Amino acid sequence: MAELFEPLQLRDLRIPNRVWMSPMCTYSAEDGFPSDFHLSHYASRAAGGAGLVMIEATGVRPEGRITPWCLGLWSDEQIPAFRRLADAITAGGAVPAVQLAHAGRKAASNRPWKGGGALPPGDGWPVVGPSAQPFPGHPEPAPLDREQIAGVVASFAAAARRALRAGFQVAEIHAAHGYLLSSFLSPASNHRDDEYGGSLANRARIVLEVIDAVRAVWPDELPVFLRISTTDWITEDTRHDRRGWTVEDSVELARLAGEHGVDLIDASSGGVEPAPVPDRRDYQTALAARVRDEAKVTVGAVGRITEPGWAEELLTTGQADAVFLGRALLRDPSWPNHAAVALGATPRFLEQYGYAV
């Protein structure tokens, strides 16, 4: 059997294969509640053969959403709507997962198809960050004080509790792409001089506190993931006054996260500020492989994975333990089933329903 379609055991959870749906914002919620659109969107990818389906960035606070149309789990009233999603994903044969997030200084944005960028004054809300450095094109964030940081940490834990009650089996902490936790990690956006700034250990402090808080409410038998940007792509050619987050930093963070109970690193990149990205197929997966090799952690690779053979090679050569698919699954909800046929494995439709795709 193709390694892509071998199960992966994380703690007591058996994930049926290693082709997973990456969290991708759809900007289609109302007051944080998922709709019938979300139900069909995620259920179709589960039925299409994905081993794990990750719900898009879900705000732990209303002001932690990227846009007013992002999902949220800041209220118990939202739990039943999320339970519909988890139940549908499970019925399709996949593991239901949710990404918990706070957008920080990139919050209060417009939908991408409306131009993105900051909402007009009066339509958004005040944004926060580690320091007063704004994301380009956005207002200056208010730096969080210690009490406010503790409140954010508590919000992640509360949202994790709700996700568990809704039936999700994996909680992912979003610490990538320049959102709140990522902006604390990067020296390009974190200019603090207290215990949450300066050294890598200080800049990572809030991330480790969130991991500890989520792990404290998440069952020992179920895994917690951490999404990180393996690099900011900030180099001497793009910025001279302050360095960005690097793959060496990511290796150290991955080690620390593992010690605090994270079971898999979801290795993405970029987002703390605009920066050029290499035009290579392995621009991001090569960094995931380095984190896996040097930190000795379980890693999910993501980025430009479109061909079954390439996805299989990432696993058989030890570059990753699983692959997250984004645009490929938007184009073809049954990509995993088709990949299984191409690689000589058993597609879910044949396995569950008795016929092939």
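**Figure 1. Lining of the largest pocket, by residue class.** The lining of the largest pocket comprises 19 nonpolar, 15 polar and seven charged residues. The structure shown here and in the following views is a predicted model. The volume of the largest pocket is about 1200 Å³. Its lining is made up of 41 residues, of which His177, Arg227, Ser268, Ser269 and Arg327 are closest to the pocket centre. Among the elements that supply at least two lining residues each are β13 (322–325) and α10 (327–331). The greatest contribution to this lining is that of α10, which provides four residues.

**Figure 2. The largest cavity and the residues around it.** One cavity of 30 Å³ or more is counted in the model. The largest cavity holds about 40 Å³ of space. Its lining consists of Ala57, Thr58, Gly59, Gly64, Arg65, Ile66, Cys70, Leu71 and Ala101. Strand β4 (residues 52–59) accounts for the largest share of this lining, with three residues. Sorted by class, the residues that line the largest cavity are five nonpolar, three polar and one charged.

Figure 3. Val19 belongs to strand β3, which covers residues 19–21. The relative accessible area of Val19 is 0%, and the residue is therefore buried. When neighbours within four places in sequence are set aside, the contacts of Val19 are Leu4, Phe5, Ala50, Gly51, Leu52, Val323, Leu325, Trp335 and Pro336.

**Figure 4. The edge-to-face pair of Trp20 and Phe324.** Six aromatic pairs are present in the structure. In the pair formed by Trp20 and Phe324, the ring centres are 5.3 Å apart and the planes meet at 80 degrees, so the arrangement is edge-to-face. Trp20 is part of strand β3 and Phe324 is part of strand β13; the pair therefore ties together parts of the chain that are 304 residues apart in sequence. Both Trp20 and Phe324 are buried. Together with Phe225, these two residues, Trp20 and Phe324, form one aromatic cluster.

**Figure 5. The stacked pair of Trp233 and Tyr283.** A pair of aromatic rings is described by the distance of the centres and the angle of the planes. For the aromatic pair of Trp233 and Tyr283, the distance is 6.2 Å centre to centre and the angle between the planes is 25 degrees, an arrangement classed as stacked. Trp233 is located in the loop between β10 (224–229) and α7 (247–259), and Tyr283 in the loop between β11 (264–268) and α8 (285–295), so this pair ties together parts that are 50 residues apart in sequence. Trp233 and Tyr283 are both buried.

**Figure 6. Lys106 and Arg281 over aromatic rings.** Lys106 is positioned over the face of Tyr179, at a distance of 4.7 Å from the ring centre. Arg281 is positioned over the face of Trp310, where the distance from the ring centre is 3.6 Å.

Terms used: Residues numbered from 1 in each chain as written. Predicted model: local features only at pLDDT ≥ 70, side-chain atom pairs only at ≥ 80, totals over all residues. Heavy atoms only, no water. 1 Å grid on protein atoms, 1.4 Å probe; cavity = no way out; pocket = protein on both sides within 12 Å on 5 of 7 lines; lining within 4 Å. Points joined across faces, edges and corners; volume = space filled by probe spheres on them. Nonpolar A, V, L, I, M, F, W, Y, C, P; charged D, E, K, R; others polar. Buried < 20%, exposed > 50% of the residue type's maximum accessible area, 1.4 Å probe, protein only. Contact = heavy atoms within 4.5 Å. Phe/Tyr/Trp six-rings, centres within 6.5 Å; stacked < 30°, edge-to-face > 60°. Lys NZ or Arg CZ within 6 Å of the ring centre and 35° of its normal.
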